[in-house]
Amino acid sequence: MTMHSITSSKLKTPEEAIDLIQDGDTLLVGGFGLCGTPLTLIDAIAMQTKAMNLTVISNNLGEAGKGLGKLLRTGHIKKAVGSYFTSNRDAVKAWKNGELEIELIPQGTLAEAIRAGGAGIAGFYIKTGVGTELAKGKEERIFNGERYILIEGITAKVALIKAWKADTLGNLIYSKSARNFNPMMATAAELVIAEVDEIVPVGELDPERIVTPHNYIDVIVESRYEKSGGIYVEKKS
Amino acid sequence: MLKKNHDYRIRIAKRIAKELTAGMVVNLGVGIPTLIPDFLDPNQGVFLQSENGILGMGPTPADEEIDMDCISASKHPVTLDLGASIFSSSDSFAMIRGGHIDVAVLGALQVSEKGEIANWAVPGKDILGVGGAMDLVPGAKKIIIAITHLTKDHSPKLVKELTYPSSGIRSAEMIVTEKAVFSIKDGVMVLEEIAEDTSLEEIMATTEARFQIAENLKYMHV
């Protein structure tokens, strides 16, 4: 295989990428609210009906009708695992109506569980949540006289992440706080699809700046959104 | 009443701003703590950490400089101060859990007389959000609670024992309300300062938690 065939093989359209997702899959989806969220990939999921009944692991479910909130309205999400769903009134309503399962995990525990999952670590002990309702049923152990609970690492079938730039090999750099959960999620799934604002030739990204090395990335998709006045809007073309 | 409540929140934020000194790394939780940056002098030398991956979070940008890739944990646009750094959520919480945050200022629904915090769920209501509050409780070197003294229906928020779900076994070190400042040492709550528009009698009547009175009780200045 030549360098050229490697570098062009990961580039796909959003629809081609989403076609790789199966009904009932578990998805890690990057982002904090709408910041650092793969909006184009979410739009492509919303437009298809092959992959339904999804379990989504993400800090939030976007906002009402926006980001992952869109997939709640289209009925694609069966279960949500994350730290904060109160800011999406649709999620609260869907949960009350029994249409959505929710599993709540403290934000830092969620982040570390995904990092561990991607690093081949089955579980780890932390103090977060000890003595609270969220520690119920979890193994507890004392280290140096302090109470810790066991948290298991998280992996998923698919990760949908958002970065600023990719080179054609799949090396990624991120933009400001839009980095958030994306680098961990890139390590913790069998199939990792990265949506990026810009795709550049190999060699253009400074190796010192690359946050996610290319071997974690299976598919690269160019975003159909662009920033206008600092806010992501759909591209006109 | 609403105006008065806002004034109380401002007073609490101003008082806590005075606790934050040069070189401190500080995480501000949701609610009253988000008012604090307005009362920090730019030369005060405080480094704000935001759990979505910023150390050195700056003020709100002008409209033409908004970049929604750069937001606070409350999801509002922010700027980066000189010397700021960006990191992932797992690195951010490693910083929090690992004891690298000097002060966390947290809002709360209730605090017990031993300093135990309830700040994520209300009994009988849906529990659909926890965010980063529970991570900050065991992680920060010092916890300051920013809380109005009474609930909307005038019940004490400083209670003997929590009736709301606990956020963890670790206690806060300091509690600031519009009426008073308390410290908590070795599981004992001590009244350190009282506001000029209240009285010791009023604080006793509106505080369910048992507390001692500092020998050198002071007025609360903001």
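A: **The contact between the chains**

The contact, counted from heavy atoms within 4.5 Å, takes 36 residues from chain B and 46 residues from chain A. This is a predicted model, in which local features need pLDDT of at least 70, side-chain atom pairs count only at pLDDT 80 or more, and totals for chains, interfaces and linings use all residues. Residues are numbered from 1 along each chain as its sequence is written, chains are lettered from A and ligands numbered from 1 in the order in which they are written, and side-chain values use heavy atoms, with hydrogens and water left out.

About 3,300 Å² is buried between chain B and chain A, and carbon and sulfur atoms give 63% of that area. Buried area is the accessible area (1.4 Å probe) that two parts lose on being put together, summed over both. Between chain B and chain A there are three salt bridges, each a side-chain nitrogen of Lys or Arg within 4 Å of a carboxyl oxygen of Asp or Glu. Lys227(A) forms a salt bridge with Asp69(B), with 2.9 Å between the closest N and O atoms. There are also 20 residue pairs in polar contact between chain B and chain A, both residues being at pLDDT 80 or more. A polar contact is a pair of N or O atoms within 3.5 Å; within protein, one must be able to donate a hydrogen and the other to accept it, and residues adjacent in sequence count only if both atoms are side-chain atoms.

On the side of chain B that touches chain A, two or more residues come from each of strand S4 (79–86), helix H2 (89–97) and helix H3 (133–139) of chain B. H2(B) gives the most, with four residues. Helices (H or I, at least four residues) and strands (E, at least two) are DSSP runs, numbered from the N terminus. The residues of this side of chain B divide into 18 nonpolar, eleven polar and seven charged. Here Ala, Val, Leu, Ile, Met, Phe, Trp, Tyr, Cys and Pro count as nonpolar, Asp, Glu, Lys and Arg as charged, and the others, Gly among them, as polar.

Over all chains, the count comes to 23 salt bridges. Asp19(A) forms a salt bridge with Lys50(A), the closest N and O atoms being 3.1 Å apart. Asp19(A) lies in the loop between helix H2 (14–18) and strand S1 (26–29) of chain A, and Lys50(A) in the loop between H3 and strand S2 (54–57) of chain A, so the pair ties together parts that are 31 residues apart in sequence.

H3(A) also gives the most to the lining of the second largest pocket, with three residues. Helix H3 (39–46) and strand S13 (231–234) of chain A each supply at least two residues of this lining. By class, the lining has ten nonpolar, six polar and eight charged residues.
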